[in-house]
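Please look through the structure shown below with the following explanation at hand.

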There are 2 protein chains.
Amino acid sequence: MKVKIGELAKMTGCEVVTIRYYEKEGLLKKPERTEGNYRIYEDDDIARLRFIRHCRQHGMSLSEIRALLAFSDNPNSSCDWINELIKQHIEDVEKQIEDLIHLKNHLENLYHKCDGGKKEGCGILKSLIEGEMCMYCQKDKLNIA
Amino acid sequence: MKVKIGELAKMTGCEVVTIRYYEKEGLLKKPERTEGNYRIYEDDDIARLRFIRHCRQHGMSLSEIRALLAFSDNPNSSCDWINELIKQHIEDVEKQIEDLIHLKNHLENLYHKCDGGKKEGCGILKSLIEGEMCMYCQKDKLNIA
DNA sequence: CCTTGACCCTATAGGGACTATAGGCCCTAT
DNA sequence: ATAGGGCCTATAGTCCCTATAGGGTCAAGG
């Protein structure tokens, strides 16, 4: 199957510009071109892009994906590190969830502190000025870069 | 109280470069300078930066913070929209948590699919190629930009 | 008085993963 | 012949910093 970039985009749910971006970043190889200089993709390109998208959907960075692709292109290495990679990801995700739940508590604490009036009566603003945090944690425990 | 930028940074847990960045972005007003051209901050600058950091800790964007600051500088407007802002944030955060839990399920599903051998036996790689997702959802339901 | 070193200054570039814009070519249909 | 839709390249912008280069200021120590 030979497809142009727009069709590939539709097949993979990936935007056209993003496909070109992946090519520029070396995740996708430079495809053949038509006489009119259009990119033409074949089955293995489609599979490769699908792989990339699946990895992105798993929250992996492009450089991690690059490593996975390099590995899958090279038949002679052990893949223990992939398990490690996934494990690390799970930990990262758990940390993010924890932080977000924390944040949600803060926000819910803020919500409805405002009596709907003017500035002076706005408890939300007051809380933000004073840095009052929720009851679940110490001030400034939550670190958002 | 009059402090230089380094001390302000320590007081607020905000990096020096970030303070300068906030100034450039118009969140902090341009402070007075010493004869040697050092920035000098006073109490209200400190309070303002603390406010900004609290907002950031609540996951607000700089433009939202800009709006809040503009509001708090202007005594004549109702602040219902602040509650709306917070509510919107809570919803965003809930969505993020949901997505991350979803992602965590996927990753845990991937984990230990690899038998520790070579490429051919690596079930993780296989799953990523095939786009097999976890049992909790349809393929491609999770959308990570 | 001179030097060291911590702190400060500006201006500019980089990062991650895109997204948007400008300006133009290719191809098909009318 | 022209209108449109899709494709091309190159470049800049997004967000919120972070890093770098190349310098100036100031207090303490020799």
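A residue is called buried if 20 or more other C-beta atoms lie within 10 Å of its own, exposed if 12 or fewer, and partly exposed in between, the C-beta atoms being placed from the backbone. The model discussed here is predicted, so that local features need pLDDT of at least 70 and side-chain atom pairs count only at pLDDT 80 or more, while totals for chains, interfaces and linings use all residues. Residues are numbered from 1 along each chain as its sequence is written, and chains are lettered from A and ligands numbered from 1 in the order in which they are written.

A:Leu27 has 19 C-beta neighbours inside 10 Å and therefore counts as partly exposed. The loop that holds A:Leu27 runs between H2 and S1 of chain A, where helices (H or I, at least four residues) and strands (E, at least two) are DSSP runs numbered from the N terminus. Two residues are in contact if their C-beta atoms, placed from the backbone, lie within 7 Å. Leaving aside neighbours within four places in sequence, A:Leu27 is in contact with A:Tyr22, A:Ile52, A:Leu62, A:Ile65, A:Arg66 and A:Leu69. A:Glu91, by contrast, is 64 residues from A:Leu27 in sequence and 26 Å from it in space, C-alpha to C-alpha.

Seen as a whole, chain A contains six helices and two strands, and from the N terminus on its elements follow the order α-α-β-β-α-α-α-α. Of the 145 residues of chain A, 26% count as buried. Among the contacts in chain A with a separation of 6 or more, 49% are accounted for by residues 24 or more positions apart.

A:Asn37 has a positive phi of about 75° although it is not a glycine, and A:Asn37 counts as exposed because it has 6 C-beta neighbours inside 10 Å. In chain B, the loop between strand S1 (32–33) and strand S2 (39–40) is the place of B:Asn37. B:Asn37 has a positive phi of about 75° although it is not a glycine, and with 6 other C-beta atoms within 10 Å B:Asn37 is exposed.

The next topic is helix packing. Two packed helices are described by the angle between their axes and the distance between the axes. The axes are lines fitted to C-alpha atoms, for helices over the stretch in contact, and the angles run from 0 to 180 degrees between N-to-C directions. Angles under 35 degrees count as roughly parallel, over 145 as roughly antiparallel, 65 to 115 as roughly perpendicular and the rest as oblique. A crossing is left-handed if the near helix is turned anticlockwise from the far one by less than a right angle, and right-handed if clockwise.

Within chain A, H1(A) and helix H3 (residues 43–57) pack at an angle of about 45°, with their axes 10 Å apart, and H1(A) and H3(A) are therefore oblique to each other. The crossing of H1(A) and H3(A) is right-handed. To this contact H1(A) brings A:Leu8, A:Met11 and A:Thr12, and H3(A) brings A:Ile46, A:Leu49, A:Arg50 and A:Arg53. By class, these residues are four nonpolar, one polar and two charged, where Ala, Val, Leu, Ile, Met, Phe, Trp, Tyr, Cys and Pro count as nonpolar, Asp, Glu, Lys and Arg as charged, and the others, Gly among them, as polar.

Between the chains, helix H5 (residues 80–110) of chain A packs with helix H5 (residues 80–110) of chain B at an angle of about 160°, their axes lying 9 Å apart. H5(A) and H5(B) are therefore roughly antiparallel to each other, and H5(A) passes H5(B) in a left-handed crossing. The residues of this contact divide into 18 nonpolar, four polar and six charged.

Finally, which residues are closest to DNA strand C? They are A:Gly36, A:Ser61, A:Leu62, B:Gly6 and B:Arg39, out of 22 residues that surround DNA strand C, a residue being near a strand if its C-beta atom, placed from the backbone, lies within 6 Å of it. Two or more residues of this surface come from each of H2 and helix H4 (62–73) of chain A and helix H1 (5–12) and H2 of chain B. DNA strand D is surrounded by 22 residues, with A:Gly6, A:Arg39, B:Gly36, B:Ser61 and B:Leu62 the closest.
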